[in-house]
Amino acid sequence: MKQFRRIVEKIIEGLLTVSGAITSIAILLIVIFLFKEGIGLFSSPAVEKGYALYVNSKNNVSNLTVEDIKKIFDSEVSSWKQFSGNDQEIKVFRFEEIFDIYSEEQLGVEYSLLPNKLGEIILQNPNIIAYLPIEYAPSEVLGIKELPIKSISINNFFGGEEWIPTATPAPLFGLLPLLLGTLLVSIVAILFALPLGLGVAIYLSELAGERTRKFMKPTIELLAGIPSVVYGFFGLVVLVPIVQKTLGLPVGETAFTGSLLLAIMALPTIITVAEDAMRNTPRSVREASLALGATHWQTIYRVIIPYSVSGISAAIVLGIGRAIGETMAVLMVTGNAAVMPHSLFESARTIPATIAAELGEAPAGGAHYQSLFLLGTILFIITLIISITAEVISKKQPNTGE
Amino acid sequence: MEKKILALITLLLITLSVNAQRIKGSDTVLPLTQKEAESYNKTHSSSTISVTGGGSGVGISALLSGTTDIAQASRKIKFAEKQKLKKGGQKAVEIIVAYDALAVVVNPSNKVTNLTREELEAIFTGKIKNWKEVGGEDLVIVPYSRETSSGTYEFFKANVLNNKNYMNGIMSMPATGAIVQSISQTKGAIGYIGLAYLNKDIKAIHVSYDNGKTYIAPSVENAKNKSYPIVRPLYYYYEAGLESKVKPFIEYVLSTTGQKIVSEVGFIPVK
């Protein structure tokens, strides 16, 4: 019998070890997967895969940056002169336009005549810039040159100030507006939520009567259970008009609205965790403080808060984590304009909102898809840094009376 | 005994796979296909149709890999996608099942009613920034767009913006409902939505595609008689080899009953 029990115990121990190992490996694999998919972005060409830009060889333009290409195709620049070319008007040609000029029959069986026709068009217009699939490119026609295209660089991504992932032919993947938007919205949210949350936590654990607490605590915990999309809807219908009217802004969907909503959403987490930590202060410690003649407030301020500082920092971290990772609610109230945030009262776009909104239709394996994974990696690194900081802070806690 | 059961199961699977049809693709077309499939199943009890969304691109790539029988799309099949099908020895057959009109809308308090395509392009690319430049009051224009994953976003860009990119930092909303909500509470707002979403909280703009000679209001009649310009077809694509399998359902959609459902869902019938 004893033998049997020992075997069972060994098996259970083994199972626990295995499940621990599996969890660790799964987490590691997820992280590796994120990084692997994300890093691929830097080997993607700056224009869509399988496409290239062609000009007439009389055109002496040779180097165009991604921004230049975008400006040309948006007709913001009208002359080649700006790119040290001739003083001629730029003519933009998109591949699909060929089907407006020629019918499918005229292009021959299996589009065999397509490269030649495209070549003709480029030869006839010395000022043309054509965006064509490499497969049908007029590479054998003389007098046409392909513009060299670099791959997306690390600088373009980390230093870019424009996020236009669907721009054709050259999408712009600039991290800065998204990263700054995320940080702005969540930091301001924590600035709102922290004083309020800690205040409520102190009130609930130290000052409130038994009956009040029995009513308040479950109510606040209930708030944490509301789905974030419901918060988002509430924010869009209630908060946005209020912010717009009271501050007299042209738009109500601002970073400030997002912060306000995130603060409301982070409150329950902060309150619950901080209050639990404070209530865990041993009775002996409190009584010792009071016995030494400290007032109630002095006890809270000098004894209970220092004692529960690790719990409070855990509350802060969980609150920040909730704010930074929050997706749906922010997606609905911040307006999602991918601009460098200049003020709190303008629209902002956060990293999680970007991933949620764009991953749906980003073709798997493409540059857009990879850039979204890279965003995920960055989000992961941010939360990792926050967790490590919290760990360090809580370990550094001063004398807790032990 | 076991063999019998096995045989029975295989038989069942075969009959199921004969009548089961899978439809995948655009979220815009999704509500229409779902309604059509529901009512089709009522009259054809032997068949099962499973309908899923995911986006036009998703549907067409499923057609490529053979994991769907019909791909529903709110845009025309792209050249590159056609080529891929061709390489696999397949040929996509295109059927237009309905039309969808996009209305440009503003806040009801806005005095502007008429805009030309050029003005719309300038507004959404950020060249015109104040309503007084297009005959309204002195108020900053706040353009709202759909998210980049939406087929509507692509269509508006191709049709109205002449393939130019939206202005940097345009407000982008995750759903049409959110756009309606935002425009109804923001004075200087402008945005675009499907015709079916028009209501009294927002005002539809009359659009001109001939430099301001005629301004057309977005309505089902105007879309039907082709005078309203911002209209896109909604497509079904299927592989030519599967014709006999998908034909009954497509014929049903194009029939009078099927087209009545099209109107009910808020799209414009083909006939």
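Helix α9 of chain A passes helix α12 of chain A in a right-handed crossing, where right-handed means that the near helix is turned clockwise from the far one by less than a right angle, and left-handed that it is turned anticlockwise. The helices and strands named here are DSSP runs (H or I, at least four residues, for helices; E, at least two, for strands), numbered from the N terminus. The model is a predicted one, with local features needing pLDDT of at least 70 and side-chain atom pairs counting only at pLDDT 80 or more, while totals for chains, interfaces and linings use all residues. Residues are numbered from 1 along each chain as its sequence is written, and chains are lettered from A and ligands numbered from 1 in the order in which they are written.

Axes here are lines fitted to C-alpha atoms, for helices over the stretch in contact, with angles running from 0 to 180 degrees between N-to-C directions. Among the residues making the contact are A:Leu262, A:Met265 and A:Ile270 of α9(A), along with A:Ile312, A:Ile316 and A:Leu318 of α12(A). Two residues are in contact if their C-beta atoms, placed from the backbone, lie within 7 Å. By class, this contact has 13 nonpolar, 3 polar and 2 charged residues (Ala, Val, Leu, Ile, Met, Phe, Trp, Tyr, Cys and Pro are nonpolar, Asp, Glu, Lys and Arg charged, and the others, Gly among them, polar).

Zooming out, chain A has 15 helices and 6 strands. Its radius of gyration is 30 Å, well over the 21 Å that the globule rule gives for 402 residues, so chain A is more spread out than a compact globule; the radius is taken over C-alpha atoms, and the rule is 2.2 Å times the number of residues to the power 0.38. The C-alpha atoms of chain A fill a box of roughly 95 × 70 × 35 Å along the principal axes. For chain B, the count is 10 helices and 12 strands, and the box is roughly 85 × 35 × 30 Å.

Now for where the chains meet. In all, 25 residues of chain B are in contact with 33 residues of chain A. On the chain B side, α7(B) supplies the largest share, 4 residues, and that side divides into 8 nonpolar, 15 polar and 2 charged residues.

Helix α7(B) (residues 176–185) has a partner across the way: its axis and that of α8(A) (residues 228–247) come within 11 Å and cross at roughly 25°. That makes α8(A) roughly parallel to α7(B). The contact is made by A:Leu236, A:Val237, A:Val240 and A:Pro241 of α8(A) and B:Ala178, B:Gln181 and B:Gln185 of α7(B). It has 5 nonpolar, 2 polar and no charged residues.

B:Ala178 and B:Gln181 are also among the buried residues of α7(B) (buried: 20 or more other C-beta atoms within 10 Å of the residue's own; exposed: 12 or fewer; partly exposed: in between; C-beta atoms placed from the backbone). Their cover includes α8 and α13 of chain A together with β4, β6, β7 and β8 of chain B.

Key
Parallel < 35°, antiparallel > 145°, perpendicular 65-115°, else oblique.
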